[in-house]
Amino acid sequence: MSHRFGTKAVHAGVEPDPTTGAIMTPIYQTSTYVQAAPGDHKGYEYSRTHNPTRTALQKALATLENGKHGLCFATGMASIDTLAKLLQPGDHVVSTNDLYGGTYRLFTKIYEGFGIRFSFVDMSDPANVAAAITPQTKLIWAETPTNPLLKVIDIAALAVLARKQGCWLAVDNTFASPALQTPLDLGADIVMHSATKYLGGHSDVVLGALVVKDDALHERLAFLQNSSGATPGPMDCFLVLRGIKTLHLRMERHCTNGKAIAEYLLTNPKVERVYWPGLPTHPNHEVAKRQMRGFGGMVSFTLKGDQMADATRVLSNTKLFALAESLGGVESLIGHPASMTHASIPREERLKNGLADTLIRLSVGTEDPEDLIEDLRMAIG
Ligand SMILES: *Cc1c(COP(=O)(O)O)cnc(C)c1O
């Protein structure tokens, strides 16, 4: 039976525990499982390979993303690392240039050393992706909306290019979550999540995931998952399962709060530019409307002038918005890419990519919007 998203968020993957009827999936804190006779077991032999709490989460994620198979990992980075092991020396990857810093580091500092080659292009124009594809291209790696400029990449357009090339299209869906965007429906082969963010939603767990439709691709990834061994423990899987039950409710509030904050910022005379895909003036607003069911709670903005000190003053002055890395939790966070997440990129390079010194990134939480606006009004002055 096919249910609507909120119903799936509450019920997906979770069934009453067969032994006790417990409505919540138990935390199966066990490393091994007793066999009746050699090879005679209940589908569980060792917890790196299979664990019932993880199975429930993997099923839940597959359902939410309209996929067939979910695979969970100790962190978001572990899921990308496992996916990258599908590649061989000489293979080429086309990736977005406005990329999560940890993914950029993994690709350039580790996988380039193993003979994999990467092109980083502005994917908000699919023509740039088409131009970067070579006969060796095995993977297109997209992330949308991007971090921190919130560009929106046309997933369906990239899927057409991937089909033509015969390569995989993988989409990092962390910023949107399956409540707002389901890339497999748009033709992607693999969806990746840092469940640390919106899926978990409470800033209390680090976990990663991949979701696919194809059985053969799932088999290869499950082999890599078990062989490389970066699997999450059952307690962490339980926390994400619990987070998912309110995903639809939280995302609704993140979206309305994101809108309220973006619209407030537009009226503040000290603000130069506001980045939020829901604004009709956003350069990719039409694509966002087509492929997203809401525009999310990530909002970036720049201040007038070019003084880094003006931005850092705002960051030290907020009381509700907490100065921290990460995103996607119920509590609002504020960050300064130039001195935090993107500090390792040389200043010239940052400016070239549109990352001004006064750029501030907000992960708008689920508090009352009036209080959040009041906090920003006071901090920006
Ligand atoms: C946080 C994040 C990651 C990495 O996930 P971890 O759980 O921190 O390892 C990857 N992509 C995006 C977009 C993220 O925000």
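Residues are numbered from 1 along each chain as its sequence is written, and side-chain values use heavy atoms, with hydrogens and water left out. As the model is predicted, local features need pLDDT of at least 70 and side-chain atom pairs count only at pLDDT 80 or more, while totals for chains, interfaces and linings use all residues.

Start with S363, which sits in strand β12, residues 360-363. Helices (H or I, at least four residues) and strands (E, at least two) are DSSP runs, numbered from the N terminus. S363 is buried, at a relative accessible area of 1%; buried here means under 20% relative accessible area, exposed over 50%, and partly exposed in between, with a 1.4 Å probe and protein chains only. Leaving out residues up to four places away in sequence, S363 touches Y198, G297, M298, F321, L327, G328, E331, S332 and L333, where a contact means heavy atoms within 4.5 Å. With G328, a polar atom of the S363 side chain lies 3.0 Å from the backbone nitrogen.

Next come the helix pairs. Helix α3 (residues 76-84) packs against helix α4 (residues 101-111) at an angle of about 40°, with the axes 10 Å apart. Axes are lines fitted to C-alpha atoms, for helices over the stretch in contact, and angles run from 0 to 180 degrees between N-to-C directions. The two helices, α3 and α4, are therefore oblique to each other: angles under 35 degrees count as roughly parallel, over 145 as roughly antiparallel, 65 to 115 as roughly perpendicular, and the rest as oblique. Their crossing is right-handed, a label used if the near helix is turned clockwise from the far one by less than a right angle, with anticlockwise giving left-handed. On the α3 side the contact is made by M77, I80, D81 and A84, and on the α4 side by G102, T103, L106, F107 and Y111. By class, that contact of α3 with α4 holds six nonpolar, two polar and one charged residues; Ala, Val, Leu, Ile, Met, Phe, Trp, Tyr, Cys and Pro count as nonpolar, Asp, Glu, Lys and Arg as charged, and the others, Gly among them, as polar.

In the other pair, the axes of α11 (residues 308-317) and α13 (residues 369-380) come within 8 Å and cross at roughly 135°. That angle makes α11 oblique to α13, and the crossing of α11 and α13 is right-handed. R313, V314 and N317 of α11 meet M378, A379 and I380 of α13, a contact of four nonpolar, one polar and one charged residues.

The loop between β4 (137-143) and α6 (155-165) holds P145, and the peptide bond from T144 to P145 is cis, with omega near -10°. P148 is found in the loop between β4 and α6 too, and a cis peptide bond with omega about 0° joins N147 to P148.

Positive phi values in residues other than glycine turn up at N66, near 55°, and at S177, near 70°. N66 lies in the loop between α2 (52-64) and β1 (69-73) and is partly exposed, with a relative accessible area of 29%. S177 belongs to the loop between β5 (168-172) and β6 (190-194) and is buried, its relative accessible area being 1%.

Key: A polar contact is a pair of N or O atoms within 3.5 Å; within protein, one must be able to donate a hydrogen and the other to accept it, and residues adjacent in sequence count only if both atoms are side-chain atoms.
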